[in-house]
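Look at the sequence and the structure first, then read on.

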Amino acid sequence: MLGFAAGVMVAASVWSLLIPAISIREDLGQWASVPAAVGFALGMGFLLLIDSITPHIHSGSKSPEGPASHLSRVQMLAFAVAIHNLPEGMAVGIVAADVADQSASASLAVSLGVAIQNIPEGAIISMPLLASGLGRFKAFGVGTLSGLVEPVGAVLVILLAGAVSGLMPYMLGFAAGAMLYVVFEDLVPQASAGGHSNMPVICFGVGFVLMMLMDTVLG
């Protein structure tokens, strides 16, 4: 499950966040990637700051597989997914507000694509909770709550359409940095903690390909 989650998050960081962030500022020419790079660095730095002032799953005397470490990992996942969902909601809001001069059908397509790709993202949070003994409905509820930030982002953009749209490349890069921090700081080490096994690598590939296809096919 951790390998699958890592694959999903890496693919989403590239195709859902960094590539769109660069595309938005194509007017900058060879410097189009700078806003995304700045946002990425800020996202990494922000998670590093949060990680340094809060209990970390690798610190302390508790086992890496203990309840406290598991809770910390799920909290980090939920936080990263929520950050990732905010610019997704804002992207839907931008299209809906016609900031990008899109049609109603384009708005529906973007909304549908974001909604479908939220399924594996919610599962990233719900599956570890279920595995830790939390009830099915509670685990499902927590995973669902991680997506509630999207309508907030959409409404924010619709209300502040022109001003917020200029920040999108930075916000997309920020979300990518935050997600990849969680992947390489927590998910990858935990996925390989049980000894040598090819299964986490295979699941990483499955998650990566699945999210890549969803991002590219559904737009």
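## Cavity, rings and charges

Searching the whole structure gives one cavity of 30 Å³ or more. A cavity here is a set of points, on a 1 Å grid over the protein atoms alone, where a 1.4 Å probe fits but cannot get out, and lining residues have an atom within 4 Å of a point. The largest cavity holds about 40 Å³ of space, where a volume is the space filled by probe spheres set on the points.

The model is predicted: local features need pLDDT of at least 70, side-chain atom pairs count only at pLDDT 80 or more, and totals for chains, interfaces and linings use all residues. Residues are numbered from 1 along each chain as its sequence is written, and side-chain values use heavy atoms, with hydrogens and water left out.

The lining of the largest cavity consists of Met1, Leu2, Ala5, Leu77, Ala123, Ile124, Met127 and Pro128. H1 and helix H4 (104-131) each give at least two residues to this lining; helices are DSSP runs (H or I, at least four residues), numbered from the N terminus. H4 has the largest share, with four residues. By type, the lining has eight nonpolar residues, no polar and no charged ones; Ala, Leu, Ile, Met and Pro are among those that count as nonpolar.

Three aromatic pairs are found in the whole structure. Rings of Phe, Tyr and Trp (its six-membered ring) pair if their centres lie within 6.5 Å; planes under 30 degrees apart count as stacked, over 60 as edge-to-face and the rest as tilted. Two of the pairs are listed here.

| Pair | Centre to centre | Angle between planes | Type |
|---|---|---|---|
| Trp15 and Phe208 | 5.6 Å | 75 degrees | edge-to-face |
| Phe46 and Phe174 | 5.7 Å | 45 degrees | tilted |

Trp15 lies in helix H1 (residues 2-24) and Phe208 in helix H9 (residues 199-217), 193 residues apart. Phe46 in helix H2 (residues 34-53) and Phe174 in helix H8 (residues 168-191) are 128 residues apart. Trp15, Phe204 and Phe208 form one aromatic cluster.

Trp15 is partly exposed at 28% relative accessibility; buried means under 20% relative accessible area, exposed over 50%, and partly exposed in between (1.4 Å probe, protein chains only). Phe46 is partly exposed at 31%, and Phe174 is partly exposed at 23%.

Side chains of opposite charge can pair when their charged atoms come close. The whole structure has one salt bridge, defined as a side-chain nitrogen of Lys or Arg within 4 Å of a carboxyl oxygen of Asp or Glu. Arg25 and Asp27 form this bridge at 2.9 Å, N to O. Arg25 is partly exposed at 22%, whereas Asp27 is exposed at 57%.

Note on methods:
1 Å grid on protein atoms, 1.4 Å probe; cavity = no way out; pocket = protein on both sides within 12 Å on 5 of 7 lines; lining within 4 Å.
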